[in-house]
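This report goes through selected local features of one protein model. The sequence and the structure are shown first.

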Amino acid sequence: MHVADSHDLIRVHGARVNNLADVSVEIPKRRLTVFTGVSGSGKSSLVFGTIAAESQRMINETYSAFLQGFMPTLARPDVDVLDGLTTAIIVDQERMGADPRSTVGTATDANAMLRILFSRIGEPHIGSPQAFSFNVASISGAGAVTLERGGMKVKERREFSVTGGMCPRCEGRGAVSDFDLTQLYDDSKSLREGALTIPGYTMDGWYGRIYMGSGFLDPDKPIRDYTKKELFNLLHKEATRVKVEGVNVTYEGLIPRIQKSMLSKDREGMQPHIRAFVDRAITFDTCPECEGTRLNEGARSSKIAGLNIADACRMQISDLAEWVGGLDEPSVAPLLGKLRHTLDSFVEIGLGYLSLDRPAGTLSGGEAQRTKMIRHLGSSLTDVTYVFDEPTIGLHPHDIQRMNDLLLRLRDKGNTVLVVEHKPETIGIADHVVDLGPGAGSDGGAVCFEGDVAGLRASDTVTGTHFDDRASLKPQVRKAVGALEIRGANANNLRDVDVDVPLGVLCVVTGVAGSGKSSLIHGSLPAEEGVVAIDQSGIRGSRRSNPATYTGLLDPIRKAFAKANGVKPGLFSANSEGACPTCNGAGVVYTDLGIMDTVATTCEECEGKRFNAEVLEYTFGGRDISEVLDLSVAQAEEFFGTGEARTPAAHKILERMDQVGLGYLRLGQPLTTLSGGERQRLKLATRMGDKGGVYILDEPTTGLHLADVRQLLGLLDRLVDSGKSVIVIEHHQAVMAHADWIIDLGPGAGHDGGQVVFEGTPADLVAAGETLTAKHLADYIGAR
């Protein structure tokens, strides 16, 4: 063997990233390796935080210092030896940016190619590719410029114009926002009687006193009796300095004030009551000028074969691929070939039901991940490492086979494919399996098994023992106690669907990806009081955020500490008065070294405890605040449940976190160290506290190990038995088998779906055996 052919392993020795406990593994190159283990066992820390991170860091170091200044600086992972790395291409679960201007087309470059196509062969010709871009506004201008020529200053008149495609009315967003005035005030009352219904705008607060004392409004007149001028002053008046109660303040109309104070913030970052108000008070309507296309009249006037660019972007991608294939223009043949390849990749990966004008923020985690894969399909690169994070998320069992074929094709071209995965269908195609565990968090981080799939099956690891688990159909299903009626639903691809969603039972809505499940439940279910929708949107978290702050657990803990010690609650916040002055409550001091790794050193003053010494002298139940934040959820549940530290409000939140299987998490663990599955369950635990009779869960098995799914089913049963109605959008056969009622959408995706193809009990679905879901569920439970 030539010495160059001997490097056929990726060797990792002594990896200690996050919870990894000196992990050492050897991964074969040019093979498909699947990493398994319970959620939180360290799979992502090993694959993404160690192998992929070091590969990316080393590639970045090959660029000049000037270029590295524009790149993210990556720290070297905490590992002794990393050998045999190749270039890593990472396809993770991170949702695509929810910028209102980002669409499927802009995110995959398909839009850029279409714009060039229309600028070359569109009739009439209206300009360059930017004339078809909804991100470029049309502007023109003229004026004098001063130039220096031959030592003399010369003035010249210059003109310029840019022809863009942006709709001037909605500024390329496709929708215009408007205020529902009935949510801002009660027009039957006067200001003094408390007419304003905006959170924080009470009459004894500063806002109320400014509006009453400004002199622009009559505080004793009902708003419905206001003159046009008074109504304008209340709603739209620009910022004006006035004197109220002897103090100089700024008076501003309600609408500009709300736009600045609430609408400029990220929706996810708002407090829950503010977010609820914004959702009620702001209505988004399709722009009347561009009819939601985002493009101005000029861009819509240029056509190819009878279609303008807005029509092309609105088409289902599978149809658009056919349309592009039918164009015969030798002058743009290379462009048409590349565009056709991109569109065919969408179809091949199972996303042919999308359209290019679909906002990127509305894609599910699975759809976003597959959209990122598109640029790698058909690539000529070989000997690279592809790293996937649960590529089967959001996929119906029917679609998982197609994803498996793609992973095998990437491997067969001579690439190393590393996959973090829970689904047995994908683990089953692996050449090599690395199983991490045995538990999660501090109980995980060790390699429990390395070898082939047959060896995993025979092993006594958690994954091995549960690998062939199959849920059986329930012998008896619950009876519905009512129904939520959906009539004439036609959101997105739904075709006038009429269906009754039963209440008081566990109802599962299923169907292939793109069949219309989310459109039916999130888009068409009547918005009634008491409906708690837990969607797939990710939870954001800085390194200062932790499970205690995210769930609201820290509030009762701070109040309990404050009451026991007779001081202010703010002292027990590492982001407020109690923070260590040296590290500002971060626990570490960061030293920025420009293009080199930022060095993080434990703060010498507080020794990483984040609080100043004075705060740590106050105790509650024999522990200081930093010791409490170092407890695991299970330990804290016991601590706050009995004895002198008994705090019912904290105990209730901890109980819910334990019920969703997060008993091992530390209260003060940064959210940035949590896996996707852990974040999903943390969100579930938080929202379970909302008062509601109907819970809608969107793929709660995301990121869950086979063993954890059983625990989730127990939780869903407890919710239903306590009198709640649970509606689950799900593809996992174990959840389908456990349902009381199934609504199956299809038969296909996009315009081939949007119909209810079955509704009834799981046993009836298996017996009918006609739909794709029925076939896969029957195979799963061994009925055929």
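## Aromatic groups

Phe561, Phe572, Tyr618, Phe620, Phe639 and Phe640 make up one aromatic cluster. The model is a predicted one. Over the whole structure, the search returns 10 aromatic pairs.

Tyrosine 386 and phenylalanine 388 form a stacked pair, with 6.4 Å from centre to centre and 15° between the planes. Tyrosine 386 and phenylalanine 388 are both buried.

## Charges over rings

Two contacts between a charged side chain and a ring can be described. The charged end of arginine 209 is placed over the ring of tryptophan 206, at 4.7 Å from the ring centre. Over the face of phenylalanine 216 lies lysine 237, 4.6 Å from the centre of that ring.

Helix α14 covers residues 397–412. Its 16 residues, at 1.5 Å each, should span 22 Å, and the C-alpha atoms at its ends are 23 Å apart, in agreement with that expectation. The buried residues in α14 are Pro397, Asp399, Ile400, Met403, Asn404, Leu406, Leu407, Leu410 and Arg411. Viewed down the axis of α14, these buried residues fall within an arc of 160°, so they line one face of the helix. Glycine 414 follows α14 and has a positive phi, near 100°.

Helix α26 covers residues 706–721. At 1.5 Å a residue, its 16 residues should also span 22 Å, and its end C-alpha atoms are 23 Å apart, which agrees. Leu706, Ala707, Asp708, Val709, Leu712, Leu713, Leu715, Leu716, Asp717, Leu719 and Val720 are the buried residues of α26. Just after α26 comes glycine 723, with a positive phi of about 100°.

## The β6–β7 hairpin

Strand β6 is joined by 11 bridges to strand β7 (residues 152–162), and the two run antiparallel. Within this pairing, valine 145 has glutamate 156 in β7 as its bridge partner. β6 and β7 form a hairpin with 2 residues between them, and in the turn glycine 150 has a positive phi of about 55°.

Most residues other than glycine have a negative phi, and most peptide bonds are trans. Against that background, the peptide bond between glutamate 123 and proline 124 is cis, with omega about -5°. Proline 124 is located in the loop between α4 and β6. Another cis peptide bond runs from glycine 437 to proline 438, with omega near 0°. Proline 438 is located in the loop between β16 (432–437) and β17 (446–451).

Glutamate 245 is not a glycine, yet its phi is positive, near 50°. Glutamate 245 lies in the loop between β9 (240–244) and β10 (247–251). With a relative accessible area of 55%, glutamate 245 is exposed. Glutamate 390 likewise has a positive phi, about 45°, without being a glycine. Its place is the loop between β14 (385–389) and α14. Glutamate 390 is buried, at a relative accessible area of 7%.

## Cysteines

A disulfide is a covalent bond between the sulfur atoms of two cysteines. With a cut-off of 2.5 Å between cysteine sulfur atoms, the count of disulfides is 0. Cysteine 603 is in no disulfide, and the nearest cysteine sulfur, that of cysteine 606, is 3.7 Å away. Cysteine 603 is buried, with a relative accessibility of 1%. Cysteine 448, at 33% relative accessibility, counts as partly exposed.

Terms used:
Residues numbered from 1 in each chain as written. Predicted model: local features only at pLDDT ≥ 70, side-chain atom pairs only at ≥ 80, totals over all residues. Heavy atoms only, no water. Phe/Tyr/Trp six-rings, centres within 6.5 Å; stacked < 30°, edge-to-face > 60°. Buried < 20%, exposed > 50% of the residue type's maximum accessible area, 1.4 Å probe, protein only. Lys NZ or Arg CZ within 6 Å of the ring centre and 35° of its normal. Helix = DSSP H or I, 4+ residues; strand = E, 2+ residues; numbered from the N terminus. Expected span 1.5 Å × (residues − 1). Arc of directions from axis to C-beta. Pairing = 2+ DSSP bridges.
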